[in-house]
Amino acid sequence: MLIYIAKRLLVALPTLLIVSMLVFGLQMLLPGDPVLAMAGEDRDPETLARIREQLNLNDPLPVQYLRWLGGVLQGDFGTSLRTGQPVSELILQKLPVTIQLAVMAMIFAALIGIPAGIIAAVRKGGVLDWTANIVALSGLSIPNFWLGIMLILLVSVNLGWLPASGYESIFVDPVRSLETMIMPAFVLGTGLAATLMRHTRSAMLGVLSADYIRTARAKGLTGRQVVLKHSFRNALLPVITLSALLFGELLAGAVLTEQIFTIPGFGKLIVDAVFNRDYAVVQGVVLCTAVGFLLMNLIADVVSVLLNPRMRAAL
Amino acid sequence: MTQPILSLRNLTAAFPTEDGLKEVVRNISFDVAPGETVAIVGESGSGKSVTSLAIMGLLDKRARVSGQVLLDGRDLLGLPEKQMRQVRGNDIAMIFQEPMSSLNPVFPVGDQIAELLIRHGQVPRDQVAAEVLRLMDRVRIPNAHARIKDYPHQFSGGMRQRVMIAMALAARPRLLIADEPTTALDVTIQGQILDLIKEIQEEQGMAVLFITHDMGVVAEIADRTVVMFRGDHIETGATADLFTGATQPYTRALLAAVPRLGQMAGQDWPLRFPRVDMDSGTITAQPAVVDTVDRSATPVLSVRNLVTRFAAGSDLLGRPTGKVHAVEDLTFDLWQGETLSLVGESGCGKSTTGRSILRLVQPESGQVTLDGFDVLGAGPGDLRRMRRSGQMIFQDPFSSLNPRMTVGQTVAEPILTHKLVPRAQVRERAAELLAQVGLDGSMLDRYPHEFSGGQRQRVAIARVLGLNPKVIVADESVSALDVSIKAQVCNLLMDLQERLKIAYLFISHDMAVVERVSHRVAVMYLGEIVEIGPREAIFADPQHPYTKKLIAAVPIPDPARRGLRRAMQVDELKSPVRPIGFQPPKRDWRQVSDRHFVMV
């Protein structure tokens, strides 16, 4: 098992290297100049040239890249061009916020999507199946921003039950933290819940017609044993892999959701950084996201292996 | 007669279709007495499996079932699901055809057996583990205490079927329904499983309802037999009576269509199957096959020291930890117009041999000469031309045709690819080819799903015929077909051989069919040919112990000879996986008679 994980981490390194190169190269192609943004009103060529020189922006691109990479390997992600704060500090500040949002959204999606998928599969063609499908389709079709704004209007503005925006760390004030996060998590989770439901349903349908389910029924097991023990454990395997892939979608959704609820998270950080041509921040954030994505997939694969004895044997 | 344990009264099962309810089983009535073995026999679509699932109440919810299923006089059809669950696994247990997929892959086998004991409260909780072990020992799973925590994929097909039987026996049911339990198994394993079922039946006095299409198996184990045809109950009788004096034409036809081992004594060449009309039961003998082989010519296929190995396992750096010695030092010739059968059990390398010869897998070493082409040394151009000379027909007629192509397109594709006929004439040529395999040219525009299994196999044959192949590798090409259809397709292959002098490498595990169609037979074991010789020599005078075992294991469709089959030991095909760098031992051969060789 440990060997398997080590092997996977080894394979992840080149992936990260390619991602960092792509990000580095691509943002150089973006229109706009960070120096202009930094200089503000004072745009005399001499000042601009001096800033450029200070930031080593006159070096060839590969040299800039290698310098940055060298820093990263030592844990130095550079400093924000805009605020002068170290990028690593910025990331450490914002990361927990987004992680909390993502985890809550994922939990929410799993709690709704997976049971709904199981019920829909067991009651295939019945009223519950139809209902679940219609709800799922709505969940997928309603845009996040619309749902978010509507919820703010209804729950915060009209009913006054929950705050419309803001953030509190879960370690400082857990209740307040959950209060501020519950709506964003719901908004972010709906689309995911719908996707999870559809996939759980189709995986369950496949498993329910398997020969070993017929065997389980022939043994006289109860419906609950057949569905939850014998079917679900097998249907879970593809769903886990999918959940890891959905993590990317989750981060993309988080950008938007954080904007709507003005949550000071990763999403907001990267949007601001891109608008300000704050190269170091963009690179740091993207690299972090890529690491997170790879880790999620690794975790999903490890869980799959643990759940699937056939794969355990292949290790 | 004693009070029957199970009585079916006018059992009818229907499924809703677009054209309304379709009855798949009509008015079935029969009894099973305690301790008795009753076989339901019939071809695919006869409704035998539906009948067994209806007894268990396991049919799809949409099915409409009427009539009565009486277990000790209690009608199961009216029983609420909750009470029915008490019956399943407890009073009636069931084992299925597919040992590979009938066990849940994510739970250890011991847990799956234990689950049933716990569910039906047969033994106190603290004794469950001991009972599971006893059951696994009972079905003779070697080293049971070490394997109790193993997962299904770690067992072979035969061993999995033993696990299924252990599970079925756990609650000491009074009736065991066995739905084609040995069909997917090798013939020597089949014998072991049949022996086991019989032994346990005698020990526990349980009744067995045995569903099968194999008349040999019926003769071997059934006291009474129920014959079904397209959902109808044709006749029921004591097995011995049915085999000697069936009253219904269909039963006679079914029995006549069964290839029997030993019918070919004294025949010099392959023999066509008699034509059996399944509706009227009339049997028409077919013309004898003429001699098609000229051994003075150069062989059309010549294989020398062929070796094919696959990597197995992987270490930290992804290097293989061992090798599957699938084909090991194979040497043989095949002449024009000749059929050489490769026989042996699953995993013995016979399919890999067929694929290696056509270079569908890459052999490690050796030499293959096919119609003058050096197959293993051929470049892309030569390989393409070689493909015309050597073609392959596969086992599963349902998955080997592209469902989105019409039959005409399927047959035309190889002709077009190899530019054998101008585009304008392709359709005409495709119709001609269909005619050659006995299909109507008007079927060109139909899709595979509109054809039966036998017809699809004919289409697959027409597809390869378009290239005028010299050698056809037929990999279990008739194994999935019903007996009557099997006979027709074999006859077609023999017709084509007579007319076109095609040579067949006929890969099969069905010894009775092999005896009928072959000129020569090669027996494979663990990647090696252990015996090769003229068909009559192999069947009448087998020399190698494995050949003897293989022939002895074939169930004979004759109830009078029941029990003559020797009791077989529990064993399994050994593994062909060897460590890297393994040097196979040097083999010696002994010539028994003309062209008959055996490995010493």
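The contact between the two chains draws 22 residues from chain A and 24 residues from chain B. Please bear in mind throughout that this is a predicted model. On the side of chain A that touches chain B, four helices each supply at least two residues: α1 (2–29), α9 (211–218), α10 (223–260) and α13 (309–314). Which helix gives the most to that side? It is α9(A), with 7 residues.

A:I114 sits in helix α5, which covers residues 87–122 of chain A. Is A:I114 buried or exposed? There are 22 other C-beta atoms within 10 Å of A:I114, and a residue counts as buried when that number is 20 or more, so A:I114 is buried. Leaving aside residues up to four places away in sequence, A:I114 touches A:L196, A:T200 and A:V239. By contrast, A:I170 lies 56 residues from A:I114 along the chain, and the C-alpha atoms of the two are separated by 26 Å.

I now move to chain B. Its secondary structure comes to 19 helices and 25 strands. The radius of gyration of chain B is 26 Å, close to the 25 Å that the globule rule gives for 600 residues, so chain B is as compact as a globular protein of that length. Its C-alpha trace spans about 70 × 55 × 50 Å along the principal axes. Of the 600 residues in chain B, 47% count as buried. Among contacts in chain B with a separation of 6 or more, 69% are between residues 24 or more positions apart.

Finally, I would draw your attention to one pair of helices in chain B. Two packed helices are described by the angle between their axes and the distance between the axes. Helix α3 (residues 109–119) and helix α6 (residues 157–169) of chain B have axes that come within 8 Å and cross at roughly 20 degrees. Angles under 35 degrees count as roughly parallel, and α3(B) and α6(B) are therefore roughly parallel to each other. Their crossing is right-handed. From α3(B), the residues B:V109, B:Q112, B:I113 and B:L116 meet B:V163, B:A166 and B:M167 of α6(B). The residues of this contact divide into 6 nonpolar, 1 polar and no charged.

Definitions and conventions: Residues are numbered from 1 along each chain as its sequence is written. Chains are lettered from A and ligands numbered from 1 in the order in which they are written. This is a predicted model: local features need pLDDT of at least 70, side-chain atom pairs count only at pLDDT 80 or more; totals for chains, interfaces and linings use all residues. The radius of gyration is taken over C-alpha atoms; the globule rule is 2.2 Å times the number of residues to the power 0.38. A residue is buried if 20 or more other C-beta atoms lie within 10 Å of its own, exposed if 12 or fewer, and partly exposed in between; C-beta atoms are placed from the backbone. Two residues are in contact if their C-beta atoms, placed from the backbone, lie within 7 Å. Axes are lines fitted to C-alpha atoms, for helices over the stretch in contact, and angles run from 0 to 180 degrees between N-to-C directions. Angles under 35 degrees count as roughly parallel, over 145 as roughly antiparallel, 65 to 115 as roughly perpendicular and the rest as oblique. A crossing is left-handed if the near helix is turned anticlockwise from the far one by less than a right angle, and right-handed if clockwise. Ala, Val, Leu, Ile, Met, Phe, Trp, Tyr, Cys and Pro count as nonpolar, Asp, Glu, Lys and Arg as charged, and the others, Gly among them, as polar.
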